[in-house]
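Open the model in a viewer and keep the sequence panel beside it. The stops below are given in the order in which to select them.

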Amino acid sequence: MQYAPRFSIYAPLRLLALMALCITTFTTTAYADHDGQVHDHDTDIAHSEQSLVTPVNVATSTQASTSNISTATTSSGDAIQQFVAGDFSKRQAMLSDWPGSVESLDSLVEFIANDELYQGNGGQTYLLNKDDQLFTYPDKKETDDWPSDLSQITLTNALRSALIFGQAKVKLASDKPAQRLQAVEILADNIDQVDPAIIATAAVNEDSAKVKKALTALQARIDFKNGDLPTQIAAVNLLADSDNPQVLVDIESALATDNLDASLKAALIDAESSVSRRIEISTWTGHIFTGMSTASILLLAALGLAITFGLLGVINMAHGELIMIGAYTTYMVQNFFQAYMPDMAGWYLLAAIPAAFLVSAIIGMIIERIVIRPLYGRELETLLATFGVSLILMQLVRMIFGAQNVEVSNVAWLSGAYQMSSSLVLPYNRIAIIGFTVIIVALLVYLLNKTRFGLFIRAVTQNRQMAKAVGIPSARIDMMAFGLGSGLAGMAGCALAQVGNVGPDLGQTYIIDTFLVVVVGGVGQVWGAVLAALGLGVSGTVLEIGIGAVLAKIVLLVLVILFIQKRPQGLFALKGRFVE
């Protein structure tokens, strides 16, 4: 039996309520982000304008969202995986109050900046590098099982703002002064959105003098922008001790305004002069440091040549290629570690240094036995022969590795830089090269002056015939000394691989400067090579600043020619068989 539908007097009321709900939903301002999530416009604006300086307690809604993230996704992976799996509101809440470590947040920033972070169709997290290699996260193992729908994780303006201040908030609460200093730098780059209250609180609780100084400078910049006249003058007087280029920009912008108070203008003029002078001092300190690092590279390349040239009197035109062989040895060691010991790939450089020395030393001794030994006493013939050897080595490298440059990655513990001040940053890899050069010079001086082998080298260098007469095996000493010089060239190539390109023409870039260092310092003189490298490296850098790289090289060559005409023996004259 069929029944007719029952008519209810409440049906029209339900229909009117449904229509009112649809109209209300339609008139609500909403938008969808790139992931398709819908959000209230006013709420998103409020989140995008939220600053780090809002106390650690974020808004109630943000706390609720973060609580939901913690309860719903605690078991679904680390913080980065939770971020990838979350929707827009969860991601924004996580960035505002990051639940993971500072290192994980830094990794997230790096992944997003390099366009490496992706999400699979099942919510999994993947990393896609520039070579289109897909890796699972967090184990970072390469996979060939590509998801059917792989989407890149990008940031809207609101998320990017939340990321900036969320990163600063996490770092400011860190127990490491370096992390807190990075937080102050992030705040300084977004100074218009910073609340002075949190800066004052952080300065009171800060125990690091360097971080406290940075917080005080940031507070002074805020006071200068927003304070009354006495506060602005006090802030300007404080900022006069700064060497921050952005402070100089703020002062110059203020001086360009009209109707400026006379006392404030006077303080600004004094501050501008002081800050400009400090920035100039920092700039020249950086130039000198760059010159010293260049001098260290030249010295590493020239030490081996100074030994072989001083002992054997051989103009070794293949010395640059021995440097190149050391750089390619470093490349091979890096590939070996990446393929067979990936967990220790970040320490490959410690194995590459002795490997570069041994490979270059063995090849150097082979060259000495086969090519150079039959030509002793015939300088022009040895020059032509070693030039031919250099061409052969370059062509062999092109046949084995190709004509293009190969990539030698900088190890993680040498990445980054030490920031001495706002306008002076010293790269770790160049600091390491300077320290490495000092160690090599100290070991070489000890070897030549305190060991039996060094005594034999000095004896053969000063008087070969007398050394042979007292039983010193000069032929063996020649081979071993040539191997030592070649090994030093290989270690120079290992160091150069950390700061420049590695290619078949690497040695040709440094061979001329290397000979200049040896000639100016004095043939066979270690300390002469040290002083010549420092002089040529620093003066070359200073000249490049004033007149450009090409003219600087020309002027430097002219100065070297004039110096050799006045003092052909170099800075230190060699005593021994070359004087006879």
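Accessible areas here come from the Shrake-Rupley method with a 1.4 Å probe. On that basis the chain exposes about 30400 Å², with carbon and sulfur atoms supplying 61% of it. The model is a predicted one.

**Whole chain**

Start with everything shown as a cartoon. The chain holds 23 helices and eight strands. Of its 580 residues, 43% are buried. Take the contacts between residues at least 6 apart in sequence: 69% of them join residues at least 24 apart.

**The four-stranded sheet**

Select β3, β4, β5 and β6. They form an open sheet in the order β5-β4-β3-β6, with antiparallel pairing. At its edges are β5 (134-136) and β6 (151-152), each of which pairs on one side only. Strands of a sheet pair through backbone hydrogen bonds, either parallel or antiparallel.

L117 has L127 in β4 as its bridge partner. The two strands make a hairpin with five residues between them, and in the turn G123 has a positive phi of about 90°.

Show the side chains of β4. In a regular strand the side chains alternate between the two faces of the sheet. Which residues of β4 lie on each side, and are they buried or exposed? T125 and L127 are on one side, Y126 and L128 on the other, and all are buried, so that both faces of β4 are covered.

**V102**

Next select V102, in helix α6 (residues 102-113). With a cut-off of under 20% for buried, V102 counts as buried because its relative accessibility is 13%. Leaving out residues up to four places away in sequence, V102 touches V170, K171, S174 and Q179. To check one of these, draw a distance between C-alpha atoms: V102 and S174 are 72 residues apart along the chain, and their C-alpha atoms are separated by 7.7 Å.

**The nonpolar cores**

Select L303, L444 and V517. In the largest nonpolar core, which has 77 residues, these three touch the most other members. Helix α13 (residues 262-312) gives the most to this core, with 12 residues. Centre the view on L303 and show what surrounds it: I440, V441, L444, L488 and V526 are touched by L303, not counting residues up to four places away in sequence. Apart from this core lies another, of 23 residues, including F83, Y137, I153 and V170.

**The nonpolar surface patch**

Which helix supplies the largest share of the patch? Helix α23 (residues 549-566) does, with seven residues. L559 is found in helix α23, and at 47% relative accessibility L559 counts as partly exposed.

Methods. Residues are numbered from 1 along each chain as its sequence is written. This is a predicted model: local features need pLDDT of at least 70, side-chain atom pairs count only at pLDDT 80 or more; totals for chains, interfaces and linings use all residues. Side-chain values use heavy atoms; hydrogens and water are left out. Buried means under 20% relative accessible area, exposed over 50%, partly exposed in between (1.4 Å probe, protein chains only). Contact means heavy atoms within 4.5 Å. Two strands pair if DSSP finds at least two bridges between them. A nonpolar core is a set of buried Ala, Val, Leu, Ile, Met, Phe, Trp, Tyr and Cys residues joined through side-chain atoms within 4.5 Å.
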